[in-house]
Amino acid sequence: MDVYEAVQSRQSIRAFTDRPVPRDVLDRVLTAAVRTPSGGNLQPWHIYVLTGDRLAELKKRIAERVAAGDSGDEPEFAFYPPRLASPYRERLAEMGARRYGALGIAYDDTEARARVRAENWNCFGASTALFCYLDRNMPAPQWADAGMYLQTVMLLLRSEGLHSCTQIAWAEYHRTVDEVISPPAERMLFCGMSMGFPHPAATHLCLPRASLAETVTFLE
Ligand SMILES: Cc1cc2nc3c(=O)[nH]c(=O)nc-3n(C[C@H](O)[C@H](O)[C@H](O)COP(=O)(O)O)c2cc1C
């Protein structure tokens, strides 16, 4: 698979079989992903790969919190700016409408939406997930580096025939993720990523993107 095909065929998959990503595939992907560039070659990401009992324990602990009506921990960072301006607000709304619409869920059906969102903390059924941490004092450029790392992993997974979904939702329960992973105190969870083999019933949403003209300016 060439890079264009990997980019084109990557989409967030939100229904996986429980088949774990084979260890040799994980080793190949994560070994190649160390080549991700970063400002000053800091390589600021700290990645924890969870499988087996450890991941099952994490899913169980968060499921218990969700079932108890616990809406999560005090956020350590903002997921979005406080007031999302146009055109971002419309893009977010469209994403939600398409995602829930594809599942036949009405926009105002908050209960059904919450049920679907809760699948985040079940890794959408996947048995393999990684968690990306950064040192708490890292400013914006190192967060961008982490994003590049994650995209590299997602594309390499595609070239192995696998799919993924990056999930900031894990940061909503960052204390529980920390309890299970026990990272050094200075590290902060950015996001998780579920990965594996798409379930045959998985919805393949091809979300539209803004046009080139909207996001790229050629100055000659
Ligand atoms: C940093 C980051 C965090 C994300 N967090 C979540 C999440 O918590 N749950 C989820 O279902 N999707 C999450 N996504 C997936 C986005 O919704 C998705 O990438 C976007 O809507 C574009 O769709 P596509 O990935 O299918 O092309 C995240 C993506 C990124 C890059």
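Biologist: Where is the place of cysteine 123?

Modeller: This is a predicted model, in which local features need pLDDT of at least 70 and side-chain atom pairs count only at pLDDT 80 or more, while totals for chains, interfaces and linings use all residues. Residues are numbered from 1 along each chain as its sequence is written. Helices (H or I, at least four residues) and strands (E, at least two) are DSSP runs, numbered from the N terminus. In these terms, the place of cysteine 123 is in the loop between H5 and E2.

Biologist: Is cysteine 123 buried or exposed?

Modeller: A residue is buried if 20 or more other C-beta atoms, placed from the backbone, lie within 10 Å of its own, exposed if 12 or fewer, and partly exposed in between. Cysteine 123 has 25 other C-beta atoms within 10 Å, so this residue is buried.

Biologist: What is phi of cysteine 123 near?

Modeller: Most residues other than glycine have a negative phi, and most peptide bonds are trans. Cysteine 123 is a residue other than glycine with a positive value, near 55°.

Biologist: Where is glutamine 43, and what is its phi near?

Modeller: Glutamine 43 lies in the loop between H2 and E1. Its 15 C-beta neighbours inside 10 Å are why glutamine 43 counts as partly exposed. Glutamine 43 is a residue other than glycine, and its phi is positive, near 50°.

Biologist: Which residues does alanine 126 touch?

Modeller: Alanine 126 is in the loop between H5 and E2. With 29 C-beta neighbours inside 10 Å, alanine 126 counts as buried. Contact means that the C-beta atoms of two residues, placed from the backbone, lie within 7 Å. Not counting residues up to four places away in sequence, alanine 126 touches Phe16, Ser194, Met195 and Gly196.

Biologist: What separates the C-alpha atoms of tyrosine 133 and proline 183?

Modeller: Tyrosine 133 belongs to strand E2 (residues 128–135) and counts as buried because it has 23 C-beta neighbours inside 10 Å. Leaving out residues up to four places away in sequence, its contacts are His46, Pro183, Arg187, Met188, Leu189 and Phe190. Tyrosine 133 and proline 183 are 50 residues apart along the chain, and the separation of their C-alpha atoms is 8.5 Å.

Biologist: How many Å apart are the end C-alpha atoms of helix H3?

Modeller: The expected span of a helix is 1.5 Å times one less than its number of residues. Helix H3 (residues 52–67) has 16 residues and therefore should span 22 Å; the distance between its end C-alpha atoms agrees, at 22 Å.

Biologist: Which residues of H3 are buried, and what arc do they cover?

Modeller: The buried residues of H3 are Leu55, Leu58, Ile62 and Val66. The arc is that of the directions from the helix axis to the C-beta atoms. These four residues sit on the same side of H3, because the arc they cover around the axis is only 70°.

Biologist: What covers the buried residues of H3?

Modeller: On the other side of H3, Gly52, Asp53, Ala56, Glu64 and Ala67 are exposed. The cover of the buried residues includes E1, helix H5 (110–118), E2 and helix H7 (174–181).

Biologist: Which residues does a cis peptide bond join?

Modeller: Just after H3, glycine 69 has a positive phi of about 80°. Proline 87 is in the loop between H3 and helix H4 (88–101). With omega about 5°, the cis peptide bond joins serine 86 and proline 87.

Biologist: Which residues around the ligand come nearest?

Modeller: A residue is near a molecule or strand if its C-beta atom, placed from the backbone, lies within 6 Å of it. Strand E3 (residues 163–167) gives the most to the shell around the ligand, three residues. Of the 13 residues around the ligand, those that come nearest are Gln11, Ser12, Gln167, Ile168 and Ala169.

Biologist: What radius of gyration does the protein chain have?

Modeller: The chain has eight helices and four strands, and its C-alpha atoms fill a box of roughly 60 × 40 × 35 Å along the principal axes. The radius of gyration is taken over C-alpha atoms, and the globule rule is 2.2 Å times the number of residues to the power 0.38. For 220 residues, a compact globule would have a value near 17 Å, which agrees with that of the protein chain, 18 Å.
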